[in-house]
Amino acid sequence: PLFATQWPLENRDPATGDRLGPQFSIREAWAESTGQGVVIGIADDGVDLSHTDFLGQGADDLHFNFTTGKADGNHVASNQGHGTIVAGLALAKADNGRGIAGVSPGAKLASLVVWTPGDDFGSEEEVADMFQYQNDLIGIQNHSWGNSTIEQLDAPLIEAKAIERAIESGRSGKGVVMIRVAGNSREEDWNAADDGYSNDPRVVTVGAVGPDGRVAPFS
């Protein structure tokens, strides 16, 4: 029921069908594929796996919390919810009469938890384990997190090596597709070029625009 509000998927005048701005032309894409056979790893603070839009969407044997060492992809604290939002945009179930539709509703979800119950980021070893986890089964990794200051940030060596292995030899030799964020702090002079995770030329770093196609003021 909320598909009409998802302008990134289709940004058209509801009365005339005229295109109003940037869009994914998602129904044309869905005619070719909705993501069947693809597993998307959402590396975040967990996902509410009981949410209506994720029922049947999970690759349940691939969920893992790297800070606790348990095969559980749910949030571990009541104040966490970011991963659920990100996962919904990626692959929320379509045509179920509830909420939104994800970009790839035919794909499967693997929740990869890298935040602690205290909302601290995992250790270098834990995050490295995440980057190289089940790389032949999880074809896409989404990382909607980045540097929180304007200081330059380099990926620690152990993580950099894990990223290299994922990109160069994952997905049965084709390489894991790694999606990263450009950041939310443009107004504080934060720049994605200063983040060693996001400025890696082997990853796909994504900024944000508004429905008019202009860069979002935070991006």
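A residue is called buried under 20% relative accessible area, exposed over 50%, and partly exposed in between (1.4 Å probe, protein chains only). The model is predicted: local features need pLDDT of at least 70, side-chain atom pairs count only at pLDDT 80 or more, and totals for chains, interfaces and linings use all residues. Residues are numbered from 1 along each chain as its sequence is written, and side-chain values use heavy atoms, with hydrogens and water left out.

**Exercise 1.** Classify Asp 119 by accessibility and describe its phi angle.

*Solution.* Step 1: locate the residue. Asp 119 belongs to the loop between E3 and H3; helices (H or I, at least four residues) and strands (E, at least two) are DSSP runs numbered from the N terminus. Step 2: apply the cut-offs. Asp 119 has 39% relative accessibility and therefore counts as partly exposed. Step 3: consider the backbone. Phi of Asp 119 is near 65°, a positive value although the residue is not a glycine.

**Exercise 2.** Is Ser 25 buried or exposed?

*Solution.* Step 1: Ser 25 is placed in the segment before helix H1 (26–32). Step 2: its relative accessibility is 18%, so Ser 25 counts as buried. Step 3: Ser 25, also not a glycine, has a positive phi of about 50°.

**Exercise 3.** Determine the strand order of the sheet and identify its edges.

*Solution.* Step 1: recall the general principle. Strands of a sheet pair through backbone hydrogen bonds, either parallel or antiparallel. Step 2: apply the criterion that two strands pair if DSSP finds at least two bridges between them. Six strands form an open sheet with parallel pairing, in the order E2-E3-E1-E4-E5-E6. Step 3: find the edges. Strand E2 (64–65) and E6 each have a single partner strand, so one side of each is left without a neighbour in the sheet. Step 4: examine one pair. E1 (residues 39–44) and E4 (residues 140–143) are joined by four bridges, and Ile 42 stands opposite Asn 142 in E4.

**Exercise 4.** Describe the surroundings of Ser 219.

*Solution.* Step 1: Ser 219 lies in the segment after strand E6 (204–206). Step 2: its relative accessibility is 15%, so Ser 219 counts as buried. Step 3: list the contacts, meaning heavy atoms within 4.5 Å. Not counting residues up to four places away in sequence, Ser 219 touches Ala 182, Gly 183, Arg 186, Gly 207 and Ala 208. Step 4: the side chain of Ser 219 reaches the backbone nitrogen of Ala 208 at 2.8 Å.

Notes:
Polar contact = N/O pair within 3.5 Å; in protein donor to acceptor, adjacent residues only side chain to side chain.
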